[in-house]
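Here is a short report on how parts of one structure are held together. Look at the sequence and the model first, then read on.

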Amino acid sequence: MGFVPLIEVTRGGLVECQHWGAVAVANRAGQVLARVGDPEAVVFTRSTIKAFQALPFMQSGGARALGWGPADLALLCASHNGEPMHVAQVERMLASVDQDYHALRCGCHRPLFAELGLGSLPADFVPDERHNNCSGKHAGFVAYCVQQGLPLDDHLDPSHPLQVAVRSRVAQAVGLAPGDLAAGTDGCSAPNYALPLANLARGYARLAGGAPDTEFDESFTALADAMVARPELGSGTGRHDLDFMRVGAGDWVSKTGADGVQVVGSRSRGEAFALKVMDGSMLAQVAASVEVMDQLGWLSEAQREALAPRRSSRIVNARGREVGGRRPVFRLGSGR
């Protein structure tokens, strides 16, 4: 029972589609509190681990030495829209180590706000690395290399000292050994890792809860504080992570990843869930995430109402007619 139906799509009273996936809910100690499907399902984490990839920089005192504040740290963890506020913040981060976007190795793509239909671009617009949704993370990579005297040209190579340190810290954050992480390459060309959903949830429970009495306490607290204080920099206009963290009123640390990955941690509870939708549907990923929060008892009536549109329960066609629906079909079960 690795992956099971999470969200069904109906039309004309019949089930037209099913989105399969799995969910793991865990606390800081790694205890699985609830699940759907297999909590040990191994999935690529994609952008959900950006806060963990920042740990070598944070633990070395890099952010403190540069005077980076919440805006910088939020962008360090961001999958941003490439809006002017994001581009300007990346420029400031790079300038603090006397670099510009030419030092980034993340590649270029059209800003997400345009790709998602949230705005338009001038006809002569040409994107560069600053507009890449991962440019904040990469600015952190560049800053670490400059501070540590490491070469920049190959800093995304898995054997580069930066990436060796990143792999070690990611593994430590989620309670695994570096050799336990299956490796791949992310869309931004940085190494990325696959690991069990339960460990990803544990990592976010630690991030959200500050990992008290561990060496990550200060770093995790600073990163989580920044993510909830400046969610518009961590995602952007119209994005669901922005909605989640605003509705969570400082309690929820939310991070999306490409191809159906979502993690949300509750700071007050010291627990988190990690979710994967196997077909990568973002609509299903977000709808399932709201349902998980509801079933966990995280939502007040006001929060339930505020997040109702994120369930995408009505399917409306081009003429404005309601032609179908989208509904959750899972119940959280007990842990292991």
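R311 and E291 form a salt bridge, with their closest N and O atoms 2.7 Å apart. A salt bridge here is a side-chain nitrogen of Lys or Arg within 4 Å of a carboxyl oxygen of Asp or Glu. R311 lies in the loop between α14 (301-307) and β10 (314-316) and E291 in helix α13, so the pair ties together parts that are 20 residues apart in sequence. Salt bridges that share partners join E291, D294, E301, R304 and R311 into one network. R311 counts as buried at 18% relative accessibility. E291 is buried too, with a relative accessible area of 11%. Buried means under 20% relative accessible area, exposed over 50%, and partly exposed in between (1.4 Å probe, protein chains only).

The model is predicted: local features need pLDDT of at least 70, side-chain atom pairs count only at pLDDT 80 or more, and totals for chains, interfaces and linings use all residues. Residues are numbered from 1 along each chain as its sequence is written, and side-chain values use heavy atoms, leaving out hydrogens and water.

The whole structure has 19 salt bridges. Three of them are listed here.

| Pair | Closest N to O distance |
|---|---|
| R46 and D259 | 2.8 Å |
| R311 and E291 | 2.7 Å |

D259 sits in the loop between β7 (252-257) and β8 (261-266), and R46 in the loop between β4 (42-44) and α1 (50-53), so this pair ties together parts that are 213 residues apart in sequence. D259 is partly exposed, at 46% relative accessible area. R11 is partly exposed at 39%, and E16 is partly exposed at 45%.

Now back to helix α13, residues 282-295. Helices (H or I, at least four residues) and strands (E, at least two) are DSSP runs, numbered from the N terminus. The expected span of a helix is 1.5 Å times one less than its number of residues. For the 14 residues of α13 that gives 20 Å, and the end C-alpha atoms are 20 Å apart, which agrees. Eleven of the 14 residues are buried, so α13 is largely enclosed by the rest of the structure. Among them are A284, V290 and M293.

What about the strands? Strand β2 (residues 14-27) and strand β3 (residues 32-36) run antiparallel, joined by four bridges. Two strands pair if DSSP finds at least two bridges between them. V25 has A34 in β3 as its bridge partner. β2 and β3 form a hairpin with four residues between them. β3 also pairs with strand β12 (residues 333-334), antiparallel, over two bridges.
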